[in-house]
Amino acid sequence: MSNAKNTVCIWYDTGAEEAANFYAATFPDTRVTGVHRAPSDNPSTKAGAVLTVEFTVMGIPCLGLNGGPAFKHTEAFSMQITTEDQEETDRYWNAIVGNGGEESMCGWCKDKWGISWQITPRALSQAMAQGGETAKRAFDAMMEMKKLDVARIEAAVRGE
């Protein structure tokens, strides 16, 4: 059981354990720390089935709840992962999309459980923090991309 005072609770239909194991295999500083079974039948699970899974994603404590199909994910909640270079950007993007996920625009993708992820190179965040024309050029370049391209963002920052 985590000692964290704040934990992100993520609702899954039934895939909390599979999702947590995928995240642990994909991201550093990510692990499954507990699997808890339903003590009795309830609206979403039968007694003995996995009800909750405790895990961390890059050090952030999470609780996966197998709550059934009552609620669906939207882009209003996403996990934002900062990457240092194109290789890291590609690795995370390809892992999520290649494991039954789907691409979206501007560095966003969804995993196969419907969780939205922003795979964001540090180069974009730094360009946006500069403000003014630099931020505008980087933003305009980003708006044309699905998976973010670090070289294109850096070229936009330089005005190329």
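## Cysteines

In this predicted model, a search of the whole structure turns up 0 disulfides. For Cys9, the closest cysteine sulfur belongs to Cys62 and lies 9.3 Å away, which is too far for a bond, given that a disulfide requires the two sulfur atoms to be within 2.5 Å. Cys106 is likewise in no disulfide, the nearest cysteine sulfur being that of Cys109 at 12 Å. With a relative accessible area of 19%, Cys106 counts as buried, because the cut-off for that term is under 20%.

## Nonpolar cores

The largest nonpolar core holds 23 residues, and those touching the most other members are Tyr12, Tyr23, Phe27, Phe55, Val57, Trp117 and Ile119. At least two residues of this core come from each of strand E1 (8–12), helix H1 (16–26), strand E3 (50–57), E5, helix H2 (86–98) and E8, with H1 giving the most, 5 residues. Another core, of 12 residues, lies apart from it and includes Ala123, Ala138, Met142 and Leu148.

Beyond its neighbours within four places in sequence, Tyr12 has contacts that include Ala19, Tyr23, Phe55, Leu65, Trp113 and Ile115.

## The open sheet

Four strands, in the order E5-E8-E7-E6, make up an open sheet with mixed pairing. Strand E5 (78–83) and strand E6 (102–103) stand at the edges and have a single partner strand each, so one side of each is left without a neighbour in the sheet. E5 pairs with strand E8 (residues 116–121) in the parallel sense over 6 bridges, and Thr83 stands opposite Pro121 in E8.

Note on methods:
Residues are numbered from 1 along each chain as its sequence is written. This is a predicted model: local features need pLDDT of at least 70, side-chain atom pairs count only at pLDDT 80 or more; totals for chains, interfaces and linings use all residues. Side-chain values use heavy atoms; hydrogens and water are left out. Two strands pair if DSSP finds at least two bridges between them. Buried means under 20% relative accessible area, exposed over 50%, partly exposed in between (1.4 Å probe, protein chains only). A nonpolar core is a set of buried Ala, Val, Leu, Ile, Met, Phe, Trp, Tyr and Cys residues joined through side-chain atoms within 4.5 Å. Contact means heavy atoms within 4.5 Å.
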